[in-house]
Amino acid sequence: MTVSMYDDEPLAQTGGQPDQPTPTTTGKIDEQLTAIQQFYDKCNVFITGGTGFLGKTLIYKLLTSCPGIENIFLLVRSKRGKDIFSRVEEIFDDAMFDKMKQACPKYDHKIRAVAGDCMQPGLGISSSDREVLTENVNIVFHLAATVRFDEKMKTAMQINVKACRDVLDLCHDMKHLKSVIYVSTAYTQCPQSVVDERFYDPPLESDKMIHLTDCVTDGMIEKITPVLLDKWPNTYTFTKAIAEDVVRKNSRGMPVGMFRPGIANSRVRISAFCSPSQGSSFRHHA
């Protein structure tokens with residue numbers, strides 16, 4: 001069962017809204033909402049990769065700028081002996097949330113942990129949690145990825161490509177979906193001298209690459225990895241390029257946008273995907 005990280009109150013499967021209205025972070029509804037705030041008003045958001053730097057920045061921006069959001073579902077896995085609730089609490093231990101906690105003291109009412117793992121088929125989400133998500137979620141941000149340049153090909157394919165496919169499969173079942181944002185990287189097309197805001201041909205067709213990694217042994221895939229990479233410098237950029245092909249093929253009929261950020265660190269001010277100033281973003285309506 002998907003529950004709030006603090007009050008253990010289960011979210012009812014009521015077609016987009018909880019049984020009782022979740023309090024806004026400010027405790028009141030702004031009578032003059034911006035267009036972005038109106039878009040998020042009374043919506044439930046699902047985020048993968050929320051424990052990472054970009055994920056934390058997105059969560060911060062949503063909680064401080066869009067008080068009308070009902071719930072934020074975070075896909076989290078247990079790690080190093082810590083359960084999903086401990087790991088979600090650690091997100092907000094970051095100093096970047098100190099001012100937010102003062103301005104939005106009831107932020108915790110909106111945070112709901114969902115047990116899952118991108119290394120598992122179907123994101124490792126239970127059938128009951130999947131039903132909650134498909135009945136309630138309106139907006140999806142898929143940020144989860146392995147960013148290690150030297151990651152084993154099979155691991156990189158599972159996390160960066162197959163999990164992306166699984167997220168899109170989940171989105172297809174969402175009954176009240178308004179938007180899906182896939183976070184890629186500006187370096188997926190590093191062999192290109194100029195990268196435009198459009199899809200490019202992948203290094204290999206995504207379905208063929210998935211089939212290859214499913215059928216070939218770990219030892220064999222490592223031996224042929226240099227050949228597979230070709231012009232791509234590492235498994236990170238290679239698999240993220242393959243994932244863009246997954247988005248292109250598997251997002252038909254959905255309102256999907258893709259964001260290609262450049263190098264992101266604590267010295268770069270990131271506007272949580274509201275502006276493409278630090279990267280490239282475009283909408284894809286298949």
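Where is the place of D230? The legends below take up this residue and other parts of the predicted model. Residues are numbered from 1 along each chain as its sequence is written.

Figure 1. D230 lies in the loop between α8 (218-229) and α9 (235-250). Helices (H or I, at least four residues) and strands (E, at least two) are DSSP runs, numbered from the N terminus. Phi of D230 is positive, near 55°, and the residue is not a glycine. D230 is exposed, with 59% relative accessibility; buried means under 20% relative accessible area, exposed over 50%, and partly exposed in between (1.4 Å probe, protein chains only).

**Figure 2. The loop that holds L123.** L123 is in the loop between β4 (111-115) and α5 (127-136). This non-glycine residue has a positive phi of about 65°. L123 has a relative accessible area of 1% and is therefore buried.

**Figure 3. Buried residues of α5.** In α5, the buried residues are D129, V132, L133, T134, E135 and N136. Their cover includes β2 (44-48), β3 (71-76), β4 and α6.

**Figure 4. Packing of α6 on α7.** Helix α6 (residues 153-172) packs against helix α7 (residues 206-215) at an angle of about 135°, and their axes are 11 Å apart. Axes are lines fitted to C-alpha atoms, for helices over the stretch in contact, and angles run from 0 to 180 degrees between N-to-C directions. The two helices α6 and α7 are therefore oblique to each other; angles under 35 degrees count as roughly parallel, over 145 as roughly antiparallel, 65 to 115 as roughly perpendicular and the rest as oblique. On the α6 side, M153, K154, M157, V161, K162 and R165 make the contact, and on the α7 side M209, I210, T213 and D214 (contact means heavy atoms within 4.5 Å). By class, the residues of this contact of α6 with α7 are five nonpolar, one polar and four charged. Ala, Val, Leu, Ile, Met, Phe, Trp, Tyr, Cys and Pro count as nonpolar, Asp, Glu, Lys and Arg as charged, and the others, Gly among them, as polar.

**Figure 5. The protein as context for the close-ups.** The protein has nine helices and eight strands. Of its 286 residues, 50% are buried.

Definitions and conventions:
This is a predicted model: local features need pLDDT of at least 70, side-chain atom pairs count only at pLDDT 80 or more; totals for chains, interfaces and linings use all residues. Side-chain values use heavy atoms; hydrogens and water are left out.
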